[in-house]
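Please look over this model with its ligand.

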Amino acid sequence: MPHTIKQSWAEPYKIKMVEPVFITTREEREQALQQAGYNTFLLRSEDVYIDLLTDSGTSAMSDRQWAGLMLGDEAYAGSRNFYHLEEAVRKYYGYRYLVPTHQGRGAEHIISQILIKKGDVIPGNMYFTTTRLHQELAGGKFVDVIIDEAHDPESTYPFKGDVDLDKLQQVIDMYGAERIPYVAIATTVNMAGGQPISLANLRQVRELTARYGIKIIHDMTRVAENAFMIQQKEEGYAAKSVAEITREICDLTDGATMSAKKDAMVNIGGFLALNDADLYDEARNMVVIYEGLHTYGGMAGRDMEALAIGIAESLQDDHIRARVGQVHYLGNKLHEYGVPIVKPVGTHGVFIDARAFLPHLSQDVFPAQALAAELYLDSGVRTMERGVVSAGRNRETGEHNYPKLELVRLTIPRRVYTQAHMDVVAESVASVLAERDRIKGLKMVYEPKYLRFFQARFEPL
Ligand code: F0G
């Protein structure tokens with residue numbers, strides 16, 4: 001028997017509790033979609049069969065995490081669970097100070113308000129919606145310094161999350177280091193399709209920023225997935241554990257914002273982690289205004305306990321191999337069906353290239369939004385737009401931002417769906433592809449002022 005026969009991985013767990021899901025009829029879905037204004041964010045989850053809207057807060061907790069909930073110490077101040085969480089953050093990520101927040105954007109708000117002054121510039125490896133908005137609301141301007149490959153869905157470069165050091169140097173030369181409070185580095189880069197940054201590149205970013213005294217603030221929302229890709233693809237890391245690589249990443253940065261709803265597999269929660277005592281002091285002062293006391297920051301004691309356990313689980317090699325393996329299974333299947341997807345397949349989802357899928361539609365009729373609506377109609381699979389709607393408007397000119405990437409994201413929650421669910425999803429996408437010519441695009445009929453993708457409404461053209 002050739003050894004290549006043994007290629008499959010399997011999940012390092014078995015299922016002990018199930019939650020039924022229901023298939024609706026096409027007529028029911030048509031009605032639900034119309035009521036939702038053709039925005040998958042506005043659908044009721046009861047009307048959804050397989051929910052690939054996001055991997056945020058939708059993962060399955062382990063029996064240990066559920067047991068942790070029972071150990072919640074709901075004291076207003078100094079909860080024992082806070083200290084467990086602080087210990088986990090120090091042990092696994094290496095950051096000294098922890099400020100819990102209700103979720104990632106709570107941490108983004110605090111760090112932006114503390115570090116950014118009006119007129120400042122924040123370079124980063126591609127924007128994220130909430131991150132950029134908090135930078136802007138604090139008076140700053142985001143500047144994209146990611147490598148060009150990240151904007152090209154066809155480029156198979158393995159580390160599309162890398163920073164273009166020339167671009168970063170240009171931003172420093174143009175604005176001066178004193179106007180750059182920090183460089184924002186995400187592991188992995190969500191909007192690029194879940195693409196990792198390499199340690200070699202991060203080290204160079206560290207060297208460059210250190211020369212100018214510029215901080216690095218790390219969006220560590222999916223750092224375990226990034227570490228896994230480094231282990232798989234970067235020279236010299238095959239023998240290191242995901243936990244070791246994660247620590248190496250964190251050690252190259254000055255602080256981090258975390259949406260614990262992703263990697264760490266809790267339904268709600270996040271934090272700001274810092275190494276500088278003075279900054280921590282300021283953050284502790286701010287968290288009580290917006291989130292809660294500095295030992296809970298908007299989280300229940302039980303949720304902090306589940307998070308402390310989830311952090312350890314998220315860094316286990318067999319867990320992350322199965323997690324990313326499932327995403328790649330779906331990606332490979334879609335690729336075999338001829339569906340245009342962002343390459344290489346990312347770590348938290350598969351991103352369909354809506355421009356290539358619907359070449360007859362211009363970005364003004366929201367092709368990715370239209371495709372997400374169509375996939376829902378076909379099979380009850382809920383996906384999300386990551387294109388011109390998500391990119392919002394330019395705050396100076398009021399025009400749409402037209403991103404190069406016009407994507408539909410099929411995001412996979414952790415430990416929730418089976419391979420059979422992935423098969424059903426892939427077959428649905430393939431059948432929509434076969435009939436793509438009838439998809440006409442959408443017109444926006446209601447547009448919220450901030451983060452419009454969450455609540456905008458559309459009508460079919
Ligand atoms: N940073 C990244 C890279 C994210 O993906 C998210 C959330 C946040 C920050 C904000 O964290 O939601 O806890 O406030 N991403 C979700 C998603 C919403 O679906 O990709 P949050």
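## Basis

This is a predicted model: local features need pLDDT of at least 70, side-chain atom pairs count only at pLDDT 80 or more, and totals for chains, interfaces and linings use all residues. Residues are numbered from 1 along each chain as its sequence is written, and side-chain values use heavy atoms, with hydrogens and water left out.

## Ligand site

Helices are DSSP runs of H or I, at least four residues, and strands are runs of E, at least two, numbered from the N terminus.

A side-chain N or O atom of Thr-54 is 2.7 Å from a ligand oxygen. For Ser-259, the distance from a side-chain N or O atom to a ligand oxygen is 2.6 Å. Asp-219 places a polar side-chain atom 2.6 Å from a ligand nitrogen. Taken alone, the ligand exposes 480 Å², and the protein buries 96% of that (Shrake-Rupley method, 1.4 Å probe).

## Nonpolar cores

A nonpolar core is a set of buried Ala, Val, Leu, Ile, Met, Phe, Trp, Tyr and Cys residues joined through side-chain atoms within 4.5 Å. Buried means under 20% relative accessible area (1.4 Å probe, protein chains only). The largest core has 58 residues. Val-89, Tyr-93, Met-220, Phe-271, Leu-307 and Ile-311 touch the most other members. Helix H8 (residues 223-233) supplies the largest share, 6 residues. Apart from this core lies another, of 50 residues, including Ala-368 and Leu-442.

## Helix H5

Helix H5 (residues 129-137) is mostly covered, with 7 of its 9 residues buried. Among them are Arg-132 and His-134. Gly-139 follows H5 and has a positive phi, near 100°.

## Backbone features

Thr-187 and Thr-188 are joined by a cis peptide bond, with omega about -20°. The bond from Lys-343 to Pro-344 is also cis, with omega near -15°.

Phe-366 has a positive phi, near 55°. This residue sits in the loop between helices H13 (354-357) and H14 (367-379). Phe-366 is buried, at 4% relative accessible area.

How values were computed. Polar contact = N/O pair within 3.5 Å; in protein donor to acceptor, adjacent residues only side chain to side chain.
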